[in-house]
Every structure is written in C-alpha cells, then in structure tokens.
Amino acid sequence: MKITFTVNNESVEVEVKPNETLLDVLREKLYLTGAKEGCGNGECGACTVIYNGRPVNSCLVLAPEADGAVIETVEGLAKDNKLHPIQEAFVEANAFQCGYCTPGFIMSTKAMLEKVPNPTKEVVVERLAGNLCRCTGYTVILDAVKLAAQKMGGAE
C-alpha cells in the first residue's frame with residue numbers, strides 16, 4: 001500500500017507493508033538513519049521521532065498509521081549547515097559517548113522544550129524517562145538539556 005506523509009517539511013510517498021514499522025521506512029526507504037533500533041519494543045527511546053507534535057518510539061508505529069502524519073527526525077533539525085541549538089548544546093556539554101542514543105534524546109528534548117521552555121530538573125527527568133543511555137550516565141545529558149533551554153531562550 002502507498003502512504004503519504006510529511007517528514008522534515010517534505011512530502012513523501014512510499015510503498016509500505018502492513019506490518020512494516022515507521023522506523024524501518026525512515027531508515028530503509030528514506031535513508032534517514034538518525035533514529036536507531038535499540039530494543040525494538042519501545043523501551044530505549046533510540047528510535048524517537050516527533051510524530052504529529054509528540055515524541056514517539058518509531059519502532060512501535062506501524063507504517064500505515066503514518067499516512068497523513070507530520071514527522072520530524074534529527075536529520076531535519078540543522079538548517080543551512082548550522083546545528084539546531086539543541087544539537088549545539090549536546091555537543092558543548094559532551095552529552096554523548098557512543099552516540100547511539102543521542103538522536104532520540106535530542107528529539108525528546110525538542111518535543112519537551114517546545115511545550116515546556118524552562119523545565120525543572122524533575123520535569124526533564126520525567127520527560128526523558130523513555131530514553132536510555134548505557135554509556136554516559138545522565139548528568140551530562142541533563143546539563144545539555146539545561147543549556148539547550150538557555151540557547152532557545154527558555155531558561156535563564
């Protein structure tokens with residue numbers, strides 16, 4: 001079946017199977033490889049994308065459900081060869097080690113900061129609870145989120 005949706009402000013039409021996931025379509029058909037398959041069952045957040053304004057685990061969304069959706073991936077954040085402020089913050093705070101989870105954290109952070117521009121540490125911990133990092137621990141990630149909020153004008 002063919003579906004049409006918007007990804008990173010671009011309309012796309014792709015042929016999908018009923019049991020194919022959005023993650024598979026993004027990675028294998030659209031070559032948007034920022035979202036990663038970590039666990040395949042929605043526990044790790046490595047595959048997080050913004051789907052109709054909300055962060056979702058793309059491994060849990062069946063591709064046919066994306067028909068008509070608006071999707072943002074980490075590849076769509078940088079503009080004119082300039083990193084998005086959230087991406088800059090993660091780099092400046094060294095909020096990664098292997099980097100596998102980083103795109104998911106960045107997309108969850110973006111979704112959160114769009115709704116809560118100046119989150120408390122407790123809100124950040126709650127909103128990023130679905131993203132797991134097995135390398136860095138979370139202190140530098142929390143630092144990156146705070147820095148991102150400042151860069152985006154939400155925090156002081």
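Here is a chat about a predicted model of one protein chain, going from its overall build down to single residues.

Me: What kind of model is this, and what goes into the values?
Reply: Residues are numbered from 1 along each chain as its sequence is written, and side-chain values use heavy atoms, with hydrogens and water left out. Local features need pLDDT of at least 70, side-chain atom pairs count only at pLDDT 80 or more, totals for chains, interfaces and linings use all residues, and the model is predicted.

Me: How many helices and strands are there, and what pattern do they follow along the sequence?
Reply: Helices (H or I, at least four residues) and strands (E, at least two) are DSSP runs, numbered from the N terminus. By that count the protein chain has five helices and five strands. Read along the sequence, the pattern is β-β-α-β-β-β-α-α-α-α.

Me: What does the globule rule give for 156 residues, and what is the radius of gyration here?
Reply: The radius of gyration is taken over C-alpha atoms, and the globule rule is 2.2 Å times the number of residues to the power 0.38. For 156 residues the rule gives 15 Å, and the protein chain is close to that, so it is as compact as a globular protein of that length. Its C-alpha trace spans about 50 × 30 × 25 Å along the principal axes. The radius of gyration itself is 15 Å.

Me: What share of the residues is buried?
Reply: Buried means under 20% relative accessible area, exposed over 50%, and partly exposed in between (1.4 Å probe, protein chains only). Of the 156 residues in the protein chain, the buried share is 45%.

Me: What share of the contacts joins residues 24 or more positions apart?
Reply: A contact means heavy atoms within 4.5 Å. Taking the contacts with a separation of 6 or more, the share from residues 24 or more positions apart is 56%.

Me: Which elements do the buried residues of helix 1 pack against?
Reply: Helix 1 covers residues 22–29, and its buried residues are L22, L23, V25 and L26. Just after this helix, Y31 takes a positive phi of about 60°. The buried residues of helix 1 pack against strand 1, strand 2 (10–15), strand 3 (48–51) and strand 5.

Me: Which residues does A89 touch?
Reply: A89 sits in helix 2 and is buried, with a relative accessible area of 0%. A89 and N52 are 37 residues apart in sequence and 24 Å apart in space, C-alpha to C-alpha. Not counting residues up to four places away in sequence, A89 touches A144, L147, A148 and K151.

Me: Is N94 buried or exposed?
Reply: Most residues other than glycine have a negative phi. N94, though, has a positive phi near 50°, and it lies in the loop between helix 2 and helix 3. With a relative accessible area of 52%, N94 is exposed.

Me: Where is D80 found, and what is its relative accessibility?
Reply: D80 is another residue other than glycine with a positive phi, near 50°. Its place is the loop between strand 5 (70–72) and helix 2. D80 counts as exposed, at a relative accessibility of 79%.

Me: How many disulfides are there?
Reply: A disulfide is a pair of cysteine sulfur atoms within 2.5 Å. C39 is in no disulfide, since the nearest cysteine sulfur, that of C44, is 3.8 Å away. For C59, which is buried at 10% relative accessible area, the closest cysteine sulfur is in C47 at 3.7 Å, too far for a bond. The count comes to zero.

Me: Which residues does M1 touch?
Reply: M1 is found in the segment before strand 1 (2–7). The C-alpha atoms of M1 and K82, 81 residues apart along the chain, are separated by 37 Å. Leaving out residues up to four places away in sequence, M1 touches V14, E15, V16 and P64.
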